Amino acid sequence: MGPATGGGASGQGRGDDRFRTFRGRFGTPTAYGIALLFAGGCTFVALAASGPGADAANRISIIVFGLLGALVAWRFGAVRAVPDRTGLTVVNYATRRRLDWPEIVTVRFGPNDPWVHLDLADGDVLAVMGIQRADGEHGMAEARRLVALIAELGEAAEPDQGSPR
């Protein structure tokens, strides 16, 4: 057995590093920081505004604009892929999709791709925005970890050929 399988209690408990969540290394904290700055900055401007045009309607509009901008940035930070023994849950900006390991045919991460793409058994292609080219070698290592998980867990079960007598 290779180091990925290890034997024994591999894959059990919290110590199994193979099942760490795939998440952008720089994009996630940056997006969360921008969300907080956007909401806080717009709220500060709205509350500190004075003079003509600083009526309640304009202040509320600025705060709502800041909250909507923060929501968009927060969604950018929420992209991830969560592996477990049975499959992979991919959370992108606006969608969430659960895949069983055998549904994933190949992983593509070409030199011009901003993130990993999965070719699926049903012919679809699914972006995994939690593994990003912008993360450099970390992104490449995460793509290799995903490939290893698919190789280990993605084999479809062989059809039962009948039991020998």
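**Close-up views of a predicted model**

**View 1. Salt bridge between Arg 18 and Glu 152.** Arg 18 counts as buried because its relative accessibility is 10%, under the 20% cut-off. In this predicted model, the side chain of Arg 18 meets that of Glu 152 in a salt bridge, 2.6 Å from N to O. The pair connects distant parts of the chain, 134 residues apart: Arg 18 belongs to the segment before β1, Glu 152 to helix α3 (residues 137–153). Glu 152 is partly exposed, with a relative accessible area of 28%.

**View 2. Glu 142 and Arg 145 in helix α3.** The two residues are 3 apart, about one turn of the helix, and form a salt bridge whose closest N and O atoms are 2.8 Å apart. Glu 142 is buried at 7% relative accessibility, and Arg 145 is buried at 12%. Through salt bridges with shared partners, Asp 17, Arg 20, Glu 142 and Arg 145 form one network.

**View 3. The buried side of helix α2.** Gly 66, Ala 70, Ala 73 and Gly 77 are the buried residues of α2. They lie on the same side of the helix, because their arc around the axis is only 65°. Their cover includes β1 (22–23) and α1 (27–48).

**View 4. The opposite face of α2.** Facing away from the buried side are the exposed residues Ile 60, Phe 65, Leu 68 and Leu 71. Leu 68, for instance, has 52% relative accessibility. Ile 60, Val 64, Leu 68 and Leu 71 make a nonpolar surface patch of about 380 Å².

Methods: Residues numbered from 1 in each chain as written. Predicted model: local features only at pLDDT ≥ 70, side-chain atom pairs only at ≥ 80, totals over all residues. Heavy atoms only, no water. Patch = residues over 30% accessible without salt bridge, like charges linked within 9 Å, V, L, I, M, F, W, Y side chains within 5 Å. Areas by Shrake-Rupley, 256 points an atom, 1.4 Å probe, with all protein chains shown as cover. Salt bridge = Lys/Arg side-chain N within 4 Å of Asp/Glu carboxyl O. Buried < 20%, exposed > 50% of the residue type's maximum accessible area, 1.4 Å probe, protein only. Helix = DSSP H or I, 4+ residues; strand = E, 2+ residues; numbered from the N terminus. Arc of directions from axis to C-beta. Contact = heavy atoms within 4.5 Å.
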